[in-house]
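Dear colleague,

Please find below the structure I am handing over to you.

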Amino acid sequence: MKLTVPADVAVDSEVDLGPTSLGYGIAVRLNVSLPGMDRAAAQQLVDAAHQVCPYSNATRNNVDVQIKLA
């Protein structure tokens with residue numbers, strides 16, 4: 001994407017474990033901070049990263065993932 005990522009980028013994660021109809025499951029919230037970066041470009045980057053991330057690909061449709069751009 002040829003974007004410059006800020007040096008102080010941060011990703012804070014929160015993981016929940018709880019009951020589901022089939023036993024137990026996990027849910028993940030990722031809070032992404034890209035200070036100083038254009039919001040539209042930052043959102044594009046976050047969305048693209050979620051599509052190619054090995055963790056996202058391994059858990060897609062198995063884990064509820066919410067990504068919030070701060």
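L34 sits in the loop between strand 2 and helix 1, where helices are DSSP runs of H or I with at least four residues, strands are runs of E with at least two, and both are numbered from the N terminus. The model is a predicted one, in which local features need pLDDT of at least 70 and side-chain atom pairs count only at pLDDT 80 or more, while totals for chains, interfaces and linings use all residues. Residues are numbered from 1 along each chain as its sequence is written, and side-chain values use heavy atoms, with hydrogens and water left out.

L34 counts as buried because its relative accessibility is 7%; buried means under 20% relative accessible area, exposed over 50% and partly exposed in between, with a 1.4 Å probe and protein chains only. Leaving aside residues up to four places away in sequence, L34 touches V5, P6, V9, A42, L45, V46 and L69, a contact being heavy atoms within 4.5 Å.

For the protein as a whole, the elements comprise two helices and three strands, in the order β-β-α-α-β from the N terminus on. Its radius of gyration is 14 Å, whereas a compact globule of 70 residues would have one near 11 Å; the radius is taken over C-alpha atoms, and the globule rule is 2.2 Å times the number of residues to the power 0.38. The C-alpha trace spans about 45 × 20 × 15 Å along its principal axes. Of the 70 residues, 20% are buried.

The largest pocket has a volume of about 260 Å³. A pocket is an open set of points on a 1 Å grid over the protein atoms alone, where a 1.4 Å probe fits, with protein on both sides within 12 Å along at least five of seven lines; lining residues have an atom within 4 Å of a point. Points are joined across faces, edges and corners, and the volume is the space filled by probe spheres set on them. The lining of the largest pocket consists of 14 residues, with V11, V32, V46, A49 and H50 nearest its centre. Strand 2 (23-33), helix 1 (39-52) and helix 2 (54-59) each give two or more residues to this lining, and helix 1 gives the most, with four.

Yours sincerely
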